[in-house]
Amino acid sequence: MDFEYTTEEQTFRKEVQDFLAENLAPKAKRDQNFMADWLKKVRDKRWVGFSWPEDVGGGGGNIMQQVILKEEMAKAKAPPLGTCMMGLAWVGPGIIQYGTEAQKQRFIPDILDSKYHWCTGYSEPNVGSDLASLQCKAVRDGDTYTINGTKIWTSLAPFADWISMLVRTDNFGSSEAKHEGITALLVKLDTPGIEVKPIENMAGGKVFAQIFFDDVKVPVENRLGDEGKGWAVTISSLANERSSIGEVTAMYEKLDTLRALVSKVTRNGRPANQDSKVRRTMGVFEAKIESMRLNGLRYLTKQIKGEPLSSETSVNKLHRADLEVSMGDFAIEILGAAGLQLHNQQDAVDRGKWANDALGWPNVVIGGGTPNIQKNIIGERILGLPKD
Ligand SMILES: Cc1cc2nc3c(=O)[nH]c(=O)nc-3n(C[C@H](O)[C@H](O)[C@H](O)COP(=O)(O)OP(=O)(O)OC[C@H]3O[C@@H](n4cnc5c(N)ncnc54)[C@H](O)[C@@H]3O)c2cc1C
């Protein structure tokens with residue numbers, strides 16, 4: 001592992017730092033045009049979709065440049081590089097890899113320009129961890145598929161224009177070779193027959209939904225990849241986001257906010273950050289995040305060598321799940337009753353951020369695969385234990 005940066009990498013880091021110094025106004029000085037200006041400027045720099053090939057409008061950035069860009073943006077607490085989150089994370093990469101020329105031209109520019117949101121329709125009421133058992137079906141008649149069924153826990157669906165979803169087009173009712181017969185479709189959410197019913201989460205937010213499909217007609221030209229091969233499309237699209245750089249920066253940011261909290265509240269009559277138990281706990285959090293960072297460098301080394309990432313990313317995902325819950329619980333413990341207040345309730349600290357964070361763990365803990373599933377992957381594929 002080589003920890004030194006090359007001259008080109010240092011020059012690129014300086015370019016990002018200079019850009020931030022010039023264009024990232026302090027929060028208090030940002031007007032209502034700030035976000036639109038920011039998105040246009042980072043798009044002009046080709047930093048939106050920075051890892052995507054230049055011929056589709058991406059930045060063609062190499063792995064180390066992506067790391068540097070992410071690091072500098074995170075250090076400066078800059079807004080995101082584009083707001084079409086799922087489009088940038090996996091829908092776009094899937095279209096680049098498997099899409100037709102017409103699909104690339106139709107969808108990629110809109111994703112890069114943050115025009116609308118995409119959502120992802122994989123889970124169903126009885127289908128989550130065992131995704132290959134999905135039942136939502138699409139029957140083809142000529143140039144049209146007709147979808148019937150339902151998807152659930154679909155994040156961002158209440159605000160999205162399009163859904164990238166998996167349907168069963170073959171192998172109905174068979175428990176053998178479940179991965180066969182699954183097809184990926186790109187579906188506009190205002191198509192007749194679609195109903196999006198928002199679901200309220202325990203913190204009171206309505207960011208995900210159950211979606212019902214009742215004889216929904218979708219043109220065959222909206223199929224991503226070959227019919228019946230949607231499983232492969234999904235696996236390789238998701239692999240695009242499997243580095244842990246973003247996760248580690250998010251955890252360090254969370255630790256910073258926790259540090260600010262323990263410096264302003266008291267415990268046993270003294271600032272909490274002078275209490276030995278608090279200091280020990282904060283130290284453990286930091287050590288765990290640092291171990292995630294170092295483990296992430298292993299993934300990075302593999303990526304630089306052009307080797308694909310696989311089961312090893314489950315290690316950091318599992319670590320993060322544990323940390324998210326422990327850090328959230330710790331903040332509530334430090335705050336006592338005030339930590340339970342949400343939003344603008346009378347005694348809410350930091351506008352209810354802590355209660356909201358502590359209730360928000362399912363997002364990172366369950367979304368993308370539960371801890372039990374990560375443990376199965378680590379046990380079976382890394383440690384070579386017998387199959388579940
Ligand atoms: C905040 C949030 C956002 C989400 N967003 C999306 C989204 O945008 N799109 C989407 O498609 N889905 C989304 N999901 C759904 C998510 O992917 C599923 O909830 C997840 O895969 C688990 O599936 P499940 O809920 O059906 O639980 P199950 O799979 O039924 O699991 C229930 C319990 O059984 C355990 N378990 C299951 N199988 C095994 C096994 N083989 N060995 C050991 N233990 C096992 C699990 O760990 C869990 O504890 C989201 C979920 C959450 C919480």
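## Reading the labels

Tutor: Gladly! This is a predicted model, and the shell around its ligand draws at least three residues from each of domain 2 (118-230) and domain 3 (243-382).

Student: What makes Y122 part of the residues around the ligand?

Tutor: The test is a C-beta atom, placed from the backbone, within 6 Å of the molecule. Y122 is among the 21 residues around the ligand, and with G128, S129, T370 and N372 it comes nearest. The shell divides into seven nonpolar, 13 polar and one charged.

Student: Why are strand 2 and strand 3 called paired?

Tutor: Pairing takes at least two bridges. Five bridges join strand 2 (residues 137-141) to strand 3, and the two run antiparallel, so they count as paired. R140 stands opposite Y145 in strand 3. The two strands form a hairpin with two residues between them, and G142 in the turn has a positive phi of about 65 degrees.

Student: How do you know that strand 3 pairs with strand 7?

Tutor: By the same rule of at least two bridges: strand 3 and strand 7 (residues 208-219) have nine, in the antiparallel sense. There, K151 stands opposite I211 in strand 7.

Student: Where does the largest nonpolar core lie, and why?

Tutor: The largest nonpolar core has 55 residues, and I147, I163, L185 and V187 have the most contacts inside it. Helix 4 (residues 85-98) gives the most to this core, with seven residues. Domain 1 (7-82) and domain 2 (118-230) both contribute residues, so this core lies between them.

Conventions: Residues are numbered from 1 along each chain as its sequence is written. This is a predicted model: local features need pLDDT of at least 70, side-chain atom pairs count only at pLDDT 80 or more; totals for chains, interfaces and linings use all residues. Ala, Val, Leu, Ile, Met, Phe, Trp, Tyr, Cys and Pro count as nonpolar, Asp, Glu, Lys and Arg as charged, and the others, Gly among them, as polar. Domain bounds come from an automatic or database domain assignment. Helices (H or I, at least four residues) and strands (E, at least two) are DSSP runs, numbered from the N terminus. A nonpolar core is a set of buried Ala, Val, Leu, Ile, Met, Phe, Trp, Tyr and Cys residues joined through C-beta atoms within 7 Å. A residue is buried if 20 or more other C-beta atoms lie within 10 Å of its own, exposed if 12 or fewer, and partly exposed in between; C-beta atoms are placed from the backbone.
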